[in-house]
Amino acid sequence: MEAKFYKVLELDKIIDMLKAKATSSLGLSMIEKLRPMSTFEEVKTAQEETTEAQSILINRGHVPLEGIHDIGDKAKRADLGAVLEPKSLLDLADTMRATRVLSNVLSGQIKKETFGNSETSIDEEDDEIKYPIIQSLATSLYIHKDIEEEIFNAIISELEIADSASPELRSIRRRILQKNQSIRSKLNGIISSTTYQKYLQDAIISMRGDRFVVPVKAEYRSMMAGIIHDQSSSGATLFIEPMTIVEMNNDLRQLKLQEKEEIEKILANLSAMVGQVSRELLSNQEILAKLDFAFAKGKLSIDMKATEPDLNQDRLVRIVGGRHPLLDRKSVVANDIILGGDYSTLLITGPNTGGKTVTIKTLGLFALMTQCGLHLSANYGTSMCIFDQIFADIGDDQSIEQNLSTFSSHMTRIVDIVERVTDQSLVIFDELGAGTDPEEGAALAIAILENIRSSGASCIATTHYSELKKYALAKKDVENAAVEFDMGTLSPTYRLLIGVPGKSNAFEISRKLGLGEHIIDQAKNFLTNEDIEIEEVLQNVEKSRLKTQEELERAERYRQEIEDIKLDYQAKLEKLDKSKAKVLENARSQAFSIVRQAKEDTDAMIKEIRKTDRLKDSREKDRRLEEIRKKIGQSMGKFQPSVESMVVPKYASKEIKTLKPGTDVNIITLRQDGTVISADDKKKEAIVQVGIMKMSLPYKSLKLIAKKEKNTVTKTTRQVINSKSGSVERKVDLRGMNLEEATMAVEKYLDDACMAGHEEVTIIHGIGTGILKKGMTELLKKNPHVKSTRPGQYGEGGAGVTIVTVK
C-alpha cells in the first residue's frame, strides 16, 4: 500500500496517538515502522495481540515497562571486547531489571490489581483467561539477575564507582584518604606556624591540578622552598608546593593512578560479563520492543473505548456504531456502515457538510487500522475483511506550478487507481466527477464506477449527481445511501441511511432561508419531468422512512417497557420465593420448638399424673388434677389463633347474579343456611328465612348451596327420635368389657346415636393390652353408621378413645 493514502485517510494522526502511548524508544521505533499488513493470519495475530494487551491492562491497571533502554549498540560493543562507560553499564542493568520484572509479571499467573490487598486478588487462570501471544513473548525473555546486581553494586552513578566494586579499589581509596589526611596535617602545621605565617597571603590549603599548595606572597618566594604551580592574576600570590610534601603528593598521585587503573579493570570485567550474554540481550531487546508496542496498542484501545473487529474472508465490511477516532467523542455521531454482501459499491448522496466525507474516511481509516492490528472505535459485532490495496481520492491537489485544476488533480489520481485496482482492493471516491460539466462529470463518474465494479473491487463514493442515484437504483450490486438532514432545524444529523438515495434539499433550504416562492417555482420549471418525479419519489421514500422509524422507535420503547416490567416482576417473584422460603423455615423452626416444648410439658404432666395416682386423699388428687387441667388449658391458649384470623368474611368471593324463591343459600356473615322467600335481581336483595326468622340481605352476602333433601318421617318415628335424642349420651364406655360384650354394646350404641342425630361420638376403650382397641377399629370400619374415625387428641382422651363421625 502507498503511504500517500495513509495521510489522506489520516492514519498518520492515529500513528501519532499510538506513539504517545509508547514507554520506550524501542516501542516508538516499532510504531514508526508500522504499516498495514495484507495477509489474513498476520492481521488476526496482530489483533489478538492488541486484545491480550488491552485485557491485561484492564485487569492489572498497570504493566511495568519503565526502565527499558535501547542497548543494541552497547551490547554489540561489549561483544567486540570494548570497555563500556558507567552510563552504558547502568542502562544495561536498568534494562535487565525491567526485563526481569516484566517477565515475572507476564510469564506466570496474571492477577487483577488490588492495590496491595492480596486477599481480594483473583487469578485469571482460574477463569481460564490466558494470553498466549503476550505470555509466549514474556517467557522468551532471558534473565540476568547476577550481572544486573554486579553492575548496580559496582556503579553508583555515571560519575562514581562504589568502593565495594572490588577489595583492591577499597584498599586503594583507604590509602588515598590516609595520604590526604597526612598531607593536610603537614600543611596545617606549615600555615599555622608563626615562622611561615608572615610569608603566606592566606592561611589556607589549596589545590592546583591534583597537587596540594599554599598561597605565598611573591616577595617571600625565596623564604618558602618548594615548586611553584601557579600564580594569581595580579602576580602578588604564588601557589607553592612545599618541598616537605612533594614526595607525599607524588605518592598520592601514584595512588590515584592505581585507582583509575582498578576502575578500568572493574569496568572491563563488567563489560566482559555483558559481552558473554550480548546475543541474549539483543534477543531481549527485540521482545521488549514488541511488548512495548503491544501495550501501546492496548492503551490506545482503552483510550478510544475500542473493540477488536471480527475478521472475515468474505470481502464484507460491517461497522456497528462506528465513531471516527479523531472527532470529539462526546459529539461524534456513531454510524452503521455496511459494504459487501449483496452489493460491492455504495453511493452516498446528500447535502454538503452532512457527514459524507467523514463516513467514507471512517471506513477507509478503519480498514487501515484493522490491518495495522489496531482496535476500532466501534461496537461489538463489527466485522472487517482484508484488502491488498486501499486507494482514496479525497480532496484536491490543485497546483499552479503543475498547472493542475481541481478536476485535473482528481483525474490524475483516478487514472492511477484504475490502472492498479484488483478484485481485493478498496476504492474510496469523494465527489466523484466533480469540478467539470455536470452532465459530462456524471457520465464519467458512472463509467469509472462501472470499471471499478467490473474489476471486482469494493468501492464507496460520495456524489451530488442525480444520474448516479439512478445508476445505483438500476444496478443490482450497487446500493444507494444518504446522510440524514433535519428540515426542521436546517442542519444535518450525520446519520447514514443505507438503501435510501439522498436529496440535495436545495429548494427546501432556500425556502426556509426566505427565498421567494415564485423564484423557487420558476427554478422547478427548469427541471425535467423525470427529475421532478425522482425528487418526489425520494421525498415520499423519506417520509415513509421517517414514519417507519418513528413506529420502530415506539415499538422499541414499548418492548423496553415490557422488558423492564418483566424484570421487575421477576425480581419481585424471586424476592417472594426467598421470603416464602424464609417464612417456611421460620415456621418449621417455631413448630419444632412448640412440639419439643409440648413433649417436655407432656412428660412433666405424665409424671404429675402418676404422682397423683399414688395419692390416697381424693380431694388432694382432684386438686392436683385440676391444676394439671389448667396448665393444659394455658398451654393451648398460647397457640390459639388471633381474633383477626377468625373473622368471617363479609362478602362472597363470587357474587350471585339472579335468585329464585325456594333456593337454598348460605348466609356468610352468620354461617347459617336458609331458604330464599323472595328476590329482587335489580336491587340485588333477597328475603331469606332462617328457622323462624326472616331477613332482607344483599346478594353479595349470600352463597348458593346444594338443595337439601327434606326428611319425611312419621309422627311415631319422630317421637322415638326425640326420646332417643334426649337419653343417648355422646360417649360409650367399654372399659371392663371383653371384646364380644364391647362389640354388642357399640353396635347398639351406634344405632341409638344415629337415631338421636348425633354427628360425632366418643368410644372409650382404654389402652390396656390393645385387644379391645384393635377389635373396635375393625368393627367401626364395617359398621354402616360410621362415616369416619380418628384417634382421640390431647384433651379428648388421647390413645384411649376413638372419635367416630356418624353418617
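Reply: Start with a term: a residue is called buried when its relative accessible area is under 20%. And keep in mind that this is a predicted model.

Me: OK. Is Ser301 buried or exposed?

Reply: Ser301 has 1% relative accessibility, so it counts as buried.

Me: Where does Ser301 sit?

Reply: In helix α12, which covers residues 278-304.

Me: What does the side chain of Ser301 make a polar contact with?

Reply: The side chain of Gln54, at 2.9 Å. Setting aside neighbours within four places in sequence, Ser301 is in contact with Gln54, Ala306 and His375.

Me: New topic. Which residues of α15 are buried?

Reply: Gly441, Ala442, Ala445, Ile448, Leu449 and Ile452. They cover an arc of only 130° around the axis, so they lie on the same side of α15.

Me: Why would residues a few places apart point the same way?

Reply: An α-helix has 3.6 residues a turn, so residues three or four places apart point the same way.

Me: And what is exposed on the other side of α15?

Reply: Glu439, Glu440 and Ser454.

Me: How far apart are the end C-alpha atoms of α15?

Reply: They are 26 Å apart.

Me: What follows α15?

Reply: Gly456, with a positive phi near 90°.

Me: Last one. Where is Lys87?

Reply: In helix α6, residues 86-107. Lys87 is partly exposed, as its relative accessible area is 40%. The C-alpha atoms of Lys87 and Glu158 are separated by 4.8 Å, though the two are 71 residues apart along the chain.

Conventions
Residues are numbered from 1 along each chain as its sequence is written. This is a predicted model: local features need pLDDT of at least 70, side-chain atom pairs count only at pLDDT 80 or more; totals for chains, interfaces and linings use all residues. Side-chain values use heavy atoms; hydrogens and water are left out. Helices (H or I, at least four residues) and strands (E, at least two) are DSSP runs, numbered from the N terminus. Buried means under 20% relative accessible area, exposed over 50%, partly exposed in between (1.4 Å probe, protein chains only). The expected span of a helix is 1.5 Å times one less than its number of residues. The arc is that of the directions from the helix axis to the C-beta atoms. A polar contact is a pair of N or O atoms within 3.5 Å; within protein, one must be able to donate a hydrogen and the other to accept it, and residues adjacent in sequence count only if both atoms are side-chain atoms. Contact means heavy atoms within 4.5 Å.
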